[in-house]
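Here is a note for a colleague who is opening this model for the first time. Please read the points below alongside the sequence and the structure.

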Amino acid sequence: EEEPAPENADEKDATTPHSTPVTLAMLIAAGALTPGVDKLSCKCFDNAHNAELLQDGRIRYLEMTFNSPSAFSVYCKRIYNPTRRADDGWESITYEGVTLNDMKKKFRERTAEKDKPTAIEEEPAPEHADEKDAAEPQANDATTPNEEEPAPENADEKDATTPHSTPVTLAMLIAAGALTPGVDKLSCKCFDNAHNAELLQDGRIRYLEMTFNSPSAFSVYCKRIYNPTRRADDGWESITYEGVTLNDMKKKFRERTAEKDKPTAIEEEPAPEHADEKDAAEPQANDATTPNEEEPAPE
């Protein structure tokens, strides 16, 4: 009769210094866990209950599917103690022999190391730092890799403010034959991890069990796995199509359409502003009548 864990064991990360809870789906997306049969195990006394880790982070055991580690572990422990109220699945369940809690700690350590501020940021500021900033330009305004300058919230719509007034969409590129829908056509690389996604026929993006309506929605989701405070991202720069950034694909599309819309030489030649008046003022060079317009004979 172990001490029951808090009812919200899977949510307790929200009260730790790391405000964003870690989920199995996040660990899978980061490459820390690999889905598969019998990847997870909950040991109760001398009995091991092996379960399948699904691609979306859920757990399948027998004919049941559990949405969290604690839901699975408390089910197993209630087999031996029906009065069991709760359990911390992150401590009770192992992944290939390692507890999920240890896997989560390693993930946090890696992300914390990547989010570690640079030496110039660790240098204590002077007492009147705000006044100094107002008087002197900043020598290093560059952000660290995990603290990139957020892209505009409407990164996918920013074309509307460029000289090209009509924004380009993935659906337009597909219709023009510049992109071909298919599995793993798109990729968003975060550090050493590539998140490959399917490009759908209508221009949307499918990743795991989720569907994104724009490149930026997909890229910011991926980057929030490593930096949960990330607010926005320019997916056209972050996502590649068969190794080429979507932004480069968009530029090539614009160049082709601009070439097709280019006016011909005869259309470019401007006509004189007073062409009709010029004709009226100048004598015609050839007023001679044609052979069919003979001079009438005298009466």
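How many disulfides does the count come to?

1. The count comes to zero disulfides, a disulfide being a pair of cysteine sulfur atoms within 2.5 Å. The model is a predicted one, in which local features need pLDDT of at least 70 and side-chain atom pairs count only at pLDDT 80 or more, while totals for chains, interfaces and linings use all residues. Residues are numbered from 1 along each chain as its sequence is written, and side-chain values use heavy atoms, with hydrogens and water left out.

2. For cysteine 44, the closest cysteine sulfur belongs to cysteine 42 and lies 4.1 Å away, which is too far for a bond. Cysteine 44 counts as buried, because its relative accessibility is 3% (buried means under 20% relative accessible area, exposed over 50% and partly exposed in between, with a 1.4 Å probe and protein chains only). Cysteine 76 is likewise in no disulfide, its nearest cysteine sulfur being that of cysteine 42 at 4.3 Å, and cysteine 76 is buried at 0% relative accessibility.

3. Aromatic pairs come to ten in this model, where rings of Phe, Tyr and Trp (its six-membered ring) pair if their centres lie within 6.5 Å, and planes under 30 degrees apart count as stacked, over 60 as edge-to-face and the rest as tilted. One of them joins tyrosine 207 and phenylalanine 218 in a tilted arrangement, with 5.4 Å from centre to centre and 55° between the planes. Tyrosine 207 belongs to strand β9 (residues 205-207) and phenylalanine 218 to helix α8 (residues 215-226), so this pair ties together parts that are eleven residues apart in sequence; helices (H or I, at least four residues) and strands (E, at least two) are DSSP runs, numbered from the N terminus.

4. Tyrosine 207 is buried at 7% relative accessibility, and phenylalanine 218 is buried at 0%. Tyrosine 207 also forms an edge-to-face pair with tyrosine 221, at 6.3 Å centre to centre and 65° between the planes. Tyrosine 221 is partly exposed, with a relative accessible area of 23%.

5. Apart from its neighbours within four places in sequence, phenylalanine 218 is in contact (heavy atoms within 4.5 Å) with Cys188, His195, Ala197, Ile205, Tyr207, Phe212 and Ile239. Phe218 is also among the residues with the most contacts inside the largest nonpolar core, together with Leu33, Phe72 and Leu179, and that core has 49 residues. Such a core is a set of buried Ala, Val, Leu, Ile, Met, Phe, Trp, Tyr and Cys residues joined through side-chain atoms within 4.5 Å. Helix α1 (residues 24-29) gives the most to this core, with five residues.

6. An open sheet is formed by six strands in the order β10-β9-β8-β7-β11-β12, with antiparallel pairing; two strands pair if DSSP finds at least two bridges between them. The edge strands, each pairing on one side only, are β10 (210-212) and β12 (244-245). Strand β11 (residues 239-241) pairs with β12 in the antiparallel sense over two bridges, and tyrosine 241 stands opposite valine 244 in β12.
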